[in-house]
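I opened this entry to keep a record of what I looked up, in the order I looked it up. The sequence and the model come before the notes.

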Amino acid sequence: MAAFLKHSLLLNFRSQTHIVLQCHLSCQAGLFVCYQRLFCKKANASPPISFCSRKSYTGENKNQVMEKPYLLLNCEKGGIHGIHVKLAAILEEHFEVIPYDEFLKNKNFYSHKIKIFYLWTYANAPKHSLLQCLPNLKIVLSPGAGLDHLDLPLISSYGVKVANTPLTVSSATADFGMALLLASARSLIEGVKMAALPDIRYITFNWMGADITGATLGIIGMGKIGYKIAQRAKGFEMKILYHNRKRRSKEDENAVGAKYCEKMEDLLQQSDFVMLVVNLTPETTKLIGKHELKLMKPTATLINICRGQVVDQDALVEALQNGVIRAAALDVTYPEPLPRDHPLLKLQNVIVTAHIGARTYSTNKKVVERMLANGLAALAGLPIPDEVTQSQKKSSN
């Protein structure tokens, strides 16, 4: 929210006053209070409207007490599969937060009240049957950068907006991409297992990992996350190649020492580590298959932090079993989780994690706060900071 509000400081006095009044009149206390703190000396607005849970009151010359807007959560509050209780509490300051199970039990009561649908996980994505019974839904909020779990044309057909948080998760995801690279290169998991062996009597010095300093990293997908990975790789003195639909500016390339590969094949042939950071689209589905894996060095490692469907997993298993490439490190698979007997979970030269690239408390708190700003803006009729644009919708179809 801070970045969203910081942008508002650039507005002229007339626009600032209009925003404060619009927030106030639309009964969005959260945005009103935040804007009032910034512009209170410039905007002579009425006292902020406060919310009272499931009650309403209007009195002359008194603060108005309004019912909180209703937010449908696609999971439970707390528990293994639910939103962290501390993060849910942030939402509850501004909304009546309705867990999905409670909504299903009392659909008739909640259907006309729900104005925001918040996706904490990829489960229970909005389908026709749900959208049809939420006539007052204004916006779907989805954390992270990916949009492939959403039927964007369907949601748009109901006049509902969509917002996500691509900027908020980029640093944590880039950090984790580098963590996977380091763990795979230096055989970290095997080292942990070896140190914990009950009958170990000595540490072998003949067990070697792969060097990182001076190695070549090929980044496929040089967007926000890909560029942050390049920034981190520069600190490890790695040579950086990248392939992207659009070449970045010379200034961007020079800042991280990156070299553009117009053909992905050239990148695959030269890289010691290949990092996948693309959006899932029909064009990127099975982007890396048997042919592409054969182009890679036999000493190379494939790292995937975007979507499991970007890689042909059967071809990857075959390549790992036959020494076509050295190793793989995957934060994403298809499906998630993998069946317990899947070969990728049994191979010694593979690291598989549970799609936790952006899972830090600090990052997720920022995600919730950013989604809060998007949701309140939608209800107030204000510009939505992270609204999914038509171009994004087309690239996700």
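What does the accessible surface of the chain come to, and what percentage of it belongs to carbon and sulfur atoms? I read off about 20,400 Å², with 53% belonging to carbon and sulfur atoms. I note here that the model is predicted.

**Whole chain**

I looked up the secondary structure and found 17 helices and 14 strands. The chain has 397 residues, and buried residues make up 49% of them. I then took the contacts with a separation of 6 or more; residues 24 or more positions apart account for 63% of these.

I checked what β12 pairs with. Strand β11 (residues 273-276) is parallel to β12, with four bridges between them. Strand β13 (residues 327-330) also runs parallel to β12, and again four bridges join the two.

How does the chain cross from β12 to β13? The path goes through helix α15 (residues 313-321), and the β-α-β crossover is right-handed. I found a right-handed β-α-β unit in β11, helix α14 (residues 290-295) and β12 as well.

**Helix α15**

I stayed with α15 and listed its buried residues: Gln313, Ala315, Leu316, Val317, Ala319 and Leu320. In general, an α-helix has 3.6 residues a turn, so residues three or four places apart point the same way. What covers the buried residues of α15? The cover includes α14, β12, β13 and β14 (350-352).

I then looked at both ends of the helix. At the start of α15, a side-chain oxygen of Asp312 comes to within 3.2 Å of the backbone nitrogen of Asp314. Just after α15, Gly323 has a positive phi of about 75 degrees.

**Aromatic pairs**

How many aromatic pairs does a search of the whole structure find? I got five. One of them is Tyr70 with Tyr110, a tilted pair at 6.1 Å centre to centre and 50 degrees between the planes. This pair links distant parts of the chain: Tyr70 is in strand β3 (residues 70-73) and Tyr110 in helix α6 (residues 107-110), 40 residues apart. I noted that ring pairs link Tyr70, Phe109 and Tyr110 into a cluster.

Are Tyr70 and Tyr110 buried or exposed? Tyr70 has a relative accessible area of 2% and is therefore buried. Tyr110 is buried too, because its relative accessible area is 3%.

I took Tyr242 and Tyr260 next. Their ring centres are 5.1 Å apart and their planes at 50 degrees, so the pair is tilted. Tyr242 is in strand β9 (residues 239-243) and Tyr260 in strand β10 (residues 258-260), 18 residues apart, and the pair links distant parts of the chain. Tyr242 is buried at a relative accessible area of 0%. Why does Tyr260 count as buried? Its relative accessibility is 18%, and buried means under 20%.

**Asn374**

I looked up Asn374, which lies in helix α16 (residues 361-380). Asn374 counts as buried because its relative accessibility is 0%. Its side chain reaches the backbone oxygen of Arg370 at 2.9 Å. Not counting residues up to four places away in sequence, Asn374 touches Ile139, Leu141, Ala163, Asn164, Ile384, Pro385, Asp386 and Glu387.

**Pro99**

Where is Pro99? I placed Pro99 in the loop between β4 (96-98) and α5 (100-105). With a relative accessibility of 13%, Pro99 counts as buried. Leaving aside neighbours within four places in sequence, I found Pro99 in contact with Leu72, Leu73, Cys75, Glu76 and Lys77. I also took the C-alpha to C-alpha distance from Pro99 to Tyr118: 9.9 Å, for residues 19 apart in sequence.

Terms used. Residues are numbered from 1 along each chain as its sequence is written. This is a predicted model: local features need pLDDT of at least 70, side-chain atom pairs count only at pLDDT 80 or more; totals for chains, interfaces and linings use all residues. Side-chain values use heavy atoms; hydrogens and water are left out. Buried means under 20% relative accessible area, exposed over 50%, partly exposed in between (1.4 Å probe, protein chains only). Contact means heavy atoms within 4.5 Å. Accessible areas come from the Shrake-Rupley method with a 1.4 Å probe; for residues, only the protein chains shown count as cover. Two strands pair if DSSP finds at least two bridges between them. A crossover is right-handed if, with the strands pointing away from the viewer, the path from the first strand over the helix to the second runs clockwise. A polar contact is a pair of N or O atoms within 3.5 Å; within protein, one must be able to donate a hydrogen and the other to accept it, and residues adjacent in sequence count only if both atoms are side-chain atoms. Rings of Phe, Tyr and Trp (its six-membered ring) pair if their centres lie within 6.5 Å; planes under 30 degrees apart count as stacked, over 60 as edge-to-face and the rest as tilted.
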